[in-house]
Amino acid sequence: MDMRARPYRSVLYIPGSKTRALDKARGMAVDAIIFDLEDAVSVEEKANARATLAAALSEGGYGPRMRIVRINGLDTEWGHQDARAVVEMRPDAVLLPKVNSADDLDALAEITGDLPIWAMMETPQGMLRAEEIAAHPKLAGFVMGTNDLAKDLQCRFRADRLPLMASLGLCLLAAKAHGVVIVDGVYNAFKDDDGLRSECQQGRDMGMDGKTLIHPAQVAIANEVFAPSGEDIDLAGRQIAAFEEAEAKGQGVAVVDGRIVENLHVATAREILAKAEAIAALSSE
Ligand SMILES: CC(C)(COP(=O)(O)OP(=O)(O)OC[C@H]1O[C@@H](n2cnc3c(N)ncnc32)[C@H](O)[C@@H]1OP(=O)(O)O)[C@@H](O)C(=O)NCCC(=O)NCCSC(=O)C[C@H](O)C(=O)O
Ligand SMILES: [Mg+2]
């Protein structure tokens, strides 16, 4: 499936060191997995995690789930070795943490060649250079790192995420301008379903493609919130039908449920139907 066309409702982090979790993920209804070598892995476990992850990916069994490997930064003692190992692991993409500029992506691409790169957007410098990062020819996706971002901004975690809004907005603008995927940051309180749902809804309404997750219990909520609902699909179908009928009569505008429908609304309606189809196709694989 084309990388841009596939769903990214649920993107689950799995520590590369945790064999049990790596195994369990083969049966989980996630759209994508981030196999982590960075912050979820302790310093003592770094080398083992690389080997454990390589073995899990070589064994396979992850089906249609997109496989993304997050390496350590190239300015760390593990980064270069991780990057070389990822080339051998042959995932769908490599994820670079704490990206500050397009130069960081150039440095990684020198090692990983044609492998698509995703960028963790989680530093103030990265926010200010979001556009040049999104425009990089190897860049395929943004992952918001809201924990690191909050740390560097010295801001507080709030339910409305007001202190993060400028950063989320900058990255959304850059991602949409360059047609790259963007998934929202994690919700740390993994036992708080209501809080997670509310933050998923906020991200979805802002234009995020999905949510990064830290625990399997979060998957169902993200899948539900980021999928078009039955009502969305029904409305999209009726908008397309009404517009085509209006067009056949030589009119440029239709009315559905008391609201105007123009060609731009039809484009959105078609995207909703395409997303629903992509989700159905993924579920049937
Ligand atoms: C958060 C956790 C530490 C909780 O772990 P634990 O207490 O073991 O959870 P449970 O006992 O409830 O686990 C139940 C079963 O589910 C499996 N499990 C748990 N987590 C995962 C997972 N992420 N993927 C797959 N499977 C998972 C357990 O193995 C249990 O299975 P079983 O033995 O059969 O019962 C833990 O969930 C965890 O480590 N999560 C990942 C944390 C992580 O990846 N952190 C780094 C990413 S977040 C980040 O860095 C954000 C960004 O950079 C930023 O700056 O914001
Ligand atoms: Mg981070």
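Reader: Which element supplies the largest share of the shell around ligand 1?

Author: In this predicted model, 23 residues surround ligand 1, the closest being Tyr13, Ala21, Ala40, Gly145 and Asn147. At least two residues of the shell come from each of β1 (10-15), α1 (19-24) and α7 (146-153). The largest share, four residues, is that of β1.

Reader: How many residues of the shell around ligand 1 are nonpolar?

Author: Sorted by class, the shell around ligand 1 holds six charged and five polar residues. The nonpolar residues of this shell number 12.

Reader: Are α11 and α12 roughly parallel or oblique to each other?

Author: Two packed helices are described by the distance between their axes and the angle between them. For α11 (residues 230-248) and α12 (residues 263-284), the axes come within 9 Å and cross at roughly 135 degrees. Since angles over 145 degrees count as roughly antiparallel and 65 to 115 as roughly perpendicular, α11 and α12 are therefore oblique.

Reader: How many residues of the contact of α11 with α12 are nonpolar?

Author: The contact involves, among others, Ile233, Ile240 and Phe243 of α11 and Val266, Ile272 and Leu273 of α12. Two residues of this contact are polar and two are charged, while the nonpolar ones number nine.

Reader: What distance separates the centres of domain 1 and domain 2?

Author: The protein chain is divided into domain 1, residues 10-226, and domain 2, residues 230-284. Taken over C-alpha atoms, the separation of their centres is 32 Å.

Technical notes
Residues are numbered from 1 along each chain as its sequence is written. Chains are lettered from A and ligands numbered from 1 in the order in which they are written. This is a predicted model: local features need pLDDT of at least 70, side-chain atom pairs count only at pLDDT 80 or more; totals for chains, interfaces and linings use all residues. A residue is near a molecule or strand if its C-beta atom, placed from the backbone, lies within 6 Å of it. Ala, Val, Leu, Ile, Met, Phe, Trp, Tyr, Cys and Pro count as nonpolar, Asp, Glu, Lys and Arg as charged, and the others, Gly among them, as polar. Axes are lines fitted to C-alpha atoms, for helices over the stretch in contact, and angles run from 0 to 180 degrees between N-to-C directions. Angles under 35 degrees count as roughly parallel, over 145 as roughly antiparallel, 65 to 115 as roughly perpendicular and the rest as oblique. Two residues are in contact if their C-beta atoms, placed from the backbone, lie within 7 Å. Domain bounds come from an automatic or database domain assignment.
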